[in-house]
Amino acid sequence: MPVRSSSSAAYIQNISPTSNGAPSTRPTSLTIHPSALFSILDHYLRRTDAQHRVIGTLLGTRTDSTVDVKSAFAVLHSETDEQVAVDMDYHRAMYDLCTRVRPNETIVGWYSTGSDLNTYSALIQNFYSQETAPNQAVHVALDTGMEEGKGAGVKAYVSSPVGIFPKPENCVFVPIPCELRFHEAERSGLDLLLSPNPSSNQTDLDVLASSLTDVQNMLNRVLAYVQSVLRGEVVGDKAVGRYLMDVLGTGVEEDGGWTAGLQDTLMVTYLANLVRSQAEVSARLALTTAV
């Protein structure tokens, strides 16, 4: 929550004390996986008309300086101008069920939709800080972009107590870097969701053609970069060069490795053309039989 010039706060603590008085390590960055974002968006779409925002629990893993959010689940809560109530029994029951499926994930913080941070947010932050003690709880604010003048986005925060005698409702939210992380197996699904006109009637061949087009575009960018380095237009990056050598030079040193790979590629191309020809012949025969 913002601190006015007339506030009685004397200082802002950089770290918050835990229940035993020992300081906890503040995360300096956060990574979040698409599955957690989709869970938050699904919760937001299922909200009631009276709810202007929804909250839930974030699960994941953490190191000394990084929090990795892998999943999330909704938490029942009610929020009015006078008070806020969180169903703690439901929260703990859901957490027990999640630990049976994913025992390596623990509570790392909570999420909410919208960009507003108020006194109630500080109270909820204090509750989750007790759940994650001795570590600090992180807060992820997902702006859905439904409000006029505000775009969609994700922000991450940690809290710092305010005042000589800090109270749960007196804290400031300090932003930390937030990064979206996904596995390679999730890339095709994310590309489909992010496409401007996703079509539900795409065939497997259409998806394969789109993937091959993306691969071709990436290879063209790499080729343009390498040619620019060879012409001396840009300074080459040694890390990029080593990565390209590891990826493209795996089979060169082996006896016939490059030739075998080329033959496999040509065989796949030949089989794909053969299947296409057979499909066209079958379609024409079906039309002839119908006539």
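Three aromatic pairs are present in this structure, which is a predicted model. The tour begins with one of these pairs.

Select Trp110 and Tyr128 and display their side chains. The two rings form a stacked pair, with 6.2 Å from centre to centre and 10° between the planes. Next, colour the secondary structure around them.

Is Trp110 buried or exposed? Its relative accessibility is 0%, so Trp110 counts as buried. Tyr128 also counts as buried, because its relative accessibility is 0%.

Phe127 and Tyr128 form an edge-to-face pair, with 5.1 Å between the ring centres and 75° between the planes. Phe127 is buried as well: its relative accessible area is 9%, and buried means under 20%.

Now show Trp110, Phe127 and Tyr128 together. Ring pairs link these three residues into a cluster. Within it, Tyr128 is paired with Trp110 in a stacked arrangement and with Phe127 in an edge-to-face arrangement.

What lies over the face of Tyr44? Arg47 does, at 3.9 Å from the ring centre.

Technical notes: Residues numbered from 1 in each chain as written. Predicted model: local features only at pLDDT ≥ 70, side-chain atom pairs only at ≥ 80, totals over all residues. Heavy atoms only, no water. Phe/Tyr/Trp six-rings, centres within 6.5 Å; stacked < 30°, edge-to-face > 60°. Buried < 20%, exposed > 50% of the residue type's maximum accessible area, 1.4 Å probe, protein only. Lys NZ or Arg CZ within 6 Å of the ring centre and 35° of its normal.
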